[in-house]
Amino acid sequence: MELAIKNRIALTTQNFLTPKPKPKVKSLRVFSVKCTASLSSLDGAATGVVERPWKTSDARLVLEDGSVWRAKSFGARGTQVGEVVFNTSLTGYQEILTDPSYAGQFVLMTNPHIGNTGVNFDDEESRQCFLAGLVIRSLSISTSNWRCTKALGDYLLERNIMGIYDVDTRAITRRLRQDGSLVGVLTTEESKTDEELLEMSRSWDIVGIDLISGVTCTAPYEWVDKTDPEWDFNCEGRGEIYHVIAYDFGIKHNILRRLSSYGCKITVVPSSWPASETLKMKPDGVLFSNGPGDPSAVPCAVKTVKELLGKVPVFGICMGHQLLGQALGGKTFKMKFGHHGGNHPVRNLVANRVEISAQNHNYAVDPASLPKGVEVTHINLNDGSCAGLAFPALNVMSLQYHPEASPGPHDSDSVFGEFIELMKKVKQKA
Ligand SMILES: NC(=O)CC[C@H](N)C(=O)O
């Protein structure tokens, strides 16, 4: 078993971790799917009233490799550039749409059937949708869920987010797996030629851009909301209150709810909040949140993390983990197509167990670049990449993935309890 896992890592690591070269364009190739019974009106879809004629394709997604994907639009109209990534989660599209870490990206759902549960008030992971757009195979013609307040198409339209459906998401996913993430331009504008859109996609890049400043909050605020007790599955033994300062690099609400449920008093601060101000607030711990884009494009955030190292216990999640990796002296790199989904097996080397995790990242910390004393605590079993770090001497812990799930499995929820234990230990020593 052990050997099988090792062999699997050896076989796959090279594939998934090698950054992609820029794709060559031989000529533009147009792809379209055979017409399925999609409705012309989303209002009709919400009420179940069928309108004819069937909608025909009115949108194009042009990828930087020269492929042109004809599709049908829903949500907002216009032209939008972004990086296309695929997400393998079966459920939770609303949490995915409101995860700020997707800023600058088109999320392509591999689950072909999207929209069937509509959207509701409770599943928002942030104040708005920051992603570039949504790409799906089939848009549900009706919504049916007791929490549903709105159809997905109306929701995206209100938030000015473009969506397309009736596009071969399986073929695009294979292309992304083979060639790596690709930049694309999505348009509903007939006047734009395929060549123009290709040129647009090839002249834009997500690497090296600071996307955090566009999603962070503008001023500090207190967070009080907890996980609804009806949904909470892990809430025993939380007595003492710990004050946590949470750096908002694009924070998901469920990180805050879980910390709050575990007994933390939370102050959320903007990404530019000085480390000196944080220390003046005398927190028991600091959380560095998830967030969009390239971790090496935000040296200011790395500087803040560095200034807090060793002064207070810290916990990093996803972007927070990558910033910690850099602050400790390590390097981050862009993966071939990253990890996005709710089914990633991770080996927890400390507890010696496998956890199925929710993940959403395109970058990773290179463990070989880390100084002595920094321990790799978690490994992604699909490709052997670093999924967690600890530096006990400085009371540092971090995960590359999402223990708060939303959406995804809850196997790693207990890590919030480990952060509490770390704060407790340091407080008792003081
Ligand atoms: N979810 C996140 O925090 C993502 C981190 C980073 N933007 C990445 O893509 O790797």
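# Ligand site and local backbone features of a predicted model

A nitrogen atom of the ligand lies 2.8 Å from a polar backbone atom of N360. The structure is a predicted model. The protein buries 98% of the 300 Å² that the ligand exposes when taken alone.

**Ligand contacts**

- At Y363, a polar backbone atom is 2.9 Å from an oxygen atom of the ligand.
- The space that the ligand takes is the largest cavity.

**Elements around the ligand**

- α10 is mostly covered, since 9 of its 9 residues are buried.
- The buried residues of α10 include M319, H321, Q322 and L324.
- Just after α10, G329 adopts a positive phi of about 110°.

**D366 in strand β17**

- D366 is located in strand β17.
- D366 counts as partly exposed because its relative accessibility is 30%, which falls between the limits of 20% for buried and 50% for exposed.
- Between D366 and I114 there are 252 residues of separation in sequence and 35 Å in space, taken from C-alpha to C-alpha.

**Cysteines**

- The number of disulfides in the structure is 0.
- C386 takes part in no disulfide, and its nearest cysteine sulfur, that of C318, is 12 Å away; a disulfide would require the two sulfur atoms to be within 2.5 Å.
- C386 is buried because its relative accessible area is 3%, which is under the 20% limit.
- C264 is likewise buried, with a relative accessible area of 7%.

**Backbone geometry**

- Most residues other than glycine have a negative phi, and most peptide bonds are trans.
- K282 has a positive phi, near 45°, although K282 is a residue other than glycine.
- K282 is placed in the loop between α8 (275-280) and β14 (285-288).
- With a relative accessibility of 67%, K282 counts as exposed, the limit being over 50%.
- N352 is another residue other than glycine with a positive phi, in this case near 55°.
- N352 counts as exposed because its relative accessibility is 56%.
- The peptide bond from S406 to P407 is cis, with an omega near 0°.
- P407 lies in the loop that runs between β20 (396-399) and α11 (415-429).

Conventions
Residues numbered from 1 in each chain as written. Predicted model: local features only at pLDDT ≥ 70, side-chain atom pairs only at ≥ 80, totals over all residues. Heavy atoms only, no water. Buried < 20%, exposed > 50% of the residue type's maximum accessible area, 1.4 Å probe, protein only. Polar contact = N/O pair within 3.5 Å; in protein donor to acceptor, adjacent residues only side chain to side chain. Areas by Shrake-Rupley, 256 points an atom, 1.4 Å probe, with all protein chains shown as cover. 1 Å grid on protein atoms, 1.4 Å probe; cavity = no way out; pocket = protein on both sides within 12 Å on 5 of 7 lines; lining within 4 Å. Sits in = over half its atoms within 2 Å of the grid points. Helix = DSSP H or I, 4+ residues; strand = E, 2+ residues; numbered from the N terminus.
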